[in-house]
Amino acid sequence: MIPHRILTALLAAALTAGCQPPPVHMTPSQAAQMKNLTSDLVPRCIGRYLIDLPRSFVVNPVARAVIEGITIETEPMSRNEFEAYLMNREAQLRSAHMDGAPGTPFLKRVEANAHVEVGRIFNRAEHTGAPAFARTLELLAWKDGVRFSMTLNATDGTDLKVDSEVIGTVFEESERRTVEKYKGINEVPQKLAHLIGVFQRTSGRADHEIPTGPGVCIRHGFIRGPATDQEWIDLNYYLSTAEDVSFTFHYLSHIGPQSDTLLQRGGSIEPALKRVDGRTLRKGVRETNNLRPEEWLMERQVDPGVKDYHFTLELNSESGNAREPLLVIDFDSGSRIPHPERSLEEEATLKPIQKATLGEAESIALWDAVLPTLRRRPNAF
């Protein structure tokens with residue numbers, strides 16, 4: 001009989017070995033192509049994690065960052081470009097008025113502030129059809145070669161009053177209830193202080209720049225500070241020579257434990273695959289720098305007759321908090337990369353993708369070159 005301690009060690013070794021992906025078989029030309037693509041991997045900062053991507057992958061302008069309740073958009077530009085952008089934006093806000101109230105300006109005021117050296121903070125309505133108490137603080141600023149647009153909603157009922165010209169008791173009573181609920185509430189000072197505080201911790205960042213202190217990376221930016229449960233980041237990197245090869249990252253510290261993990265959702269994934277003539281290429285748990293994410297690699301035919309490849313990795317599905325954020329990584333070959341909204345004319349001229357740029361073997365080889373580099377950034381949390 002095998003001693004218990006030896007049996008336990010053997011089982012552990014077998015489990016660890018089973019977590020590693022099998023080798024990928026490629027033709028000589030495919031192997032040469034992938035060697036060229038993966039010979040120069042560059043660290044990229046995703047939230048509070050690092051992952052190495054080929055240098056030929058570039059960051060997509062389609063991105064999202066909501067940090068501590070503040071929606072943040074970024075764009076690299078010169079100071080002259082920013083000042084022209086700011087002037088146009090201010091003119092746009094000043095010329096807008098509320099729907100059905102031509103005398104009510106969309107922009108209430110420009111907040112006085114000494115903390116934004118190059119830029120403005122606009123106190124405006126959420127949208128032209130919003131009630132008067134629904135405000136948005138919009139900070140536009142330039143620093144470190146990056147334009148930052150930071151918005152935070154706030155309630156301000158200090159100017160609320162019942163419109164004496166409202167006709168009909170039902171509408172009048174509804175308006176009175178609204179006034180009673182929001183009159184006197186003014187979140188603007190508190191929200192403004194929070195917005196400025198986050199901005200002061202924010203800096204511009206080149207895509208290949210890796211911070212060394214605690215903080216969270218967003219597209220072209222970095223917000224210093226310890227981890228919080230209010231971090232939501234979506235990033236996409238695509239192969240610069242193709243329109244259908246990309247890695248998409250979803251980083252969520254606010255979502256909490258999920259009801260099931262990626263592999264536990266197999267009961268719904270497998271039938272969905274069958275509906276698009278798909279099949280599973282590989283699935284399981286893999287070991288990556290003391291992390292144990294789950295992966296699912298699949299081939300599909302979302303467009304009939306065109307095979308595409310969709311691989312997914314999930315980390316921390318059972319936590320989703322500040323210290324262990326949910327991280328989802330999607331890889332696609334054969335599906336058009338995310339893009340800014342196009343006009344109907346632009347959509348009409350797009351030609352369908354006829355074939356995935358990277359086939360099954362190449363896609364798996366790229367995935368297996370990139371995913372083992374996933375790790376927590378030192379000192380990030």
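Here is a short chat about a predicted model of one protein chain.

Colleague: Before we start, what should I know about the model and its numbering?
Modeller: Residues are numbered from 1 along each chain as its sequence is written. The model is predicted, so local features need pLDDT of at least 70 and side-chain atom pairs count only at pLDDT 80 or more, while totals for chains, interfaces and linings use all residues, and side-chain values use heavy atoms, with hydrogens and water left out.

Colleague: How many helices and strands does the protein chain have?
Modeller: Helices (H or I, at least four residues) and strands (E, at least two) are DSSP runs, numbered from the N terminus. On that basis the protein chain has eight helices and 21 strands.

Colleague: What share of the protein chain counts as buried?
Modeller: Buried means under 20% relative accessible area, exposed is over 50%, and partly exposed is in between, using a 1.4 Å probe and protein chains only. The accessible surface of the chain, from the Shrake-Rupley method with a 1.4 Å probe and only the protein chains shown counting as cover for residues, comes to about 19700 Å², with 53% belonging to carbon and sulfur atoms. Of the 381 residues, the buried share is 46%.

Colleague: At what angle do helix 2 and helix 8 pack?
Modeller: Axes here are lines fitted to C-alpha atoms, for helices over the stretch in contact, and angles run from 0 to 180 degrees between N-to-C directions. Helix 2 covers residues 28-38 and helix 8 covers residues 360-370, and their axes lie 10 Å apart. The packing angle is about 30°.

Colleague: Which residues of helix 8 does helix 2 meet?
Modeller: Contact means heavy atoms within 4.5 Å. From helix 2 come Gln30, Gln33, Met34, Leu37 and Thr38. Their counterparts in helix 8 are Ala361, Glu362, Ala365, Leu366 and Ala369.

Colleague: Is helix 8 mostly covered or uncovered?
Modeller: Among the buried residues of helix 8 are Ile364, Leu366, Trp367 and Val370. In total, nine of its eleven residues are buried. Helix 8 is mostly covered.

Colleague: Which residue in the turn between strand 13 and strand 14 has a positive phi?
Modeller: Strand 13 and strand 14 (residues 221-224) pair over four bridges, with Gly215 opposite Arg224 and Cys217 opposite Phe222. They form a hairpin with two residues between them. The one with a positive phi, about 60°, is His220.

Colleague: Which residues of strand 13 are buried on each side?
Modeller: In a regular strand the side chains alternate between the two faces of the sheet. Both faces of strand 13 are covered.

Colleague: Why is strand 9 largely enclosed by the rest of the structure?
Modeller: Strand 9 pairs antiparallel with strand 8 (residues 107-110) over three bridges, and seven bridges join strand 9 to strand 10 (residues 134-143), also antiparallel. Val110 has Phe122 as its bridge partner, while Asn123 has Leu137. Strand 9 (residues 119-125) counts as largely enclosed because the number of its seven residues that are buried is six.

Colleague: Is Asn379 buried or exposed?
Modeller: Most residues other than glycine have a negative phi. Asn379, in the segment after strand 21, has a positive phi near 70°. At 52% relative accessibility, Asn379 counts as exposed.

Conventions:
Pairing = 2+ DSSP bridges.
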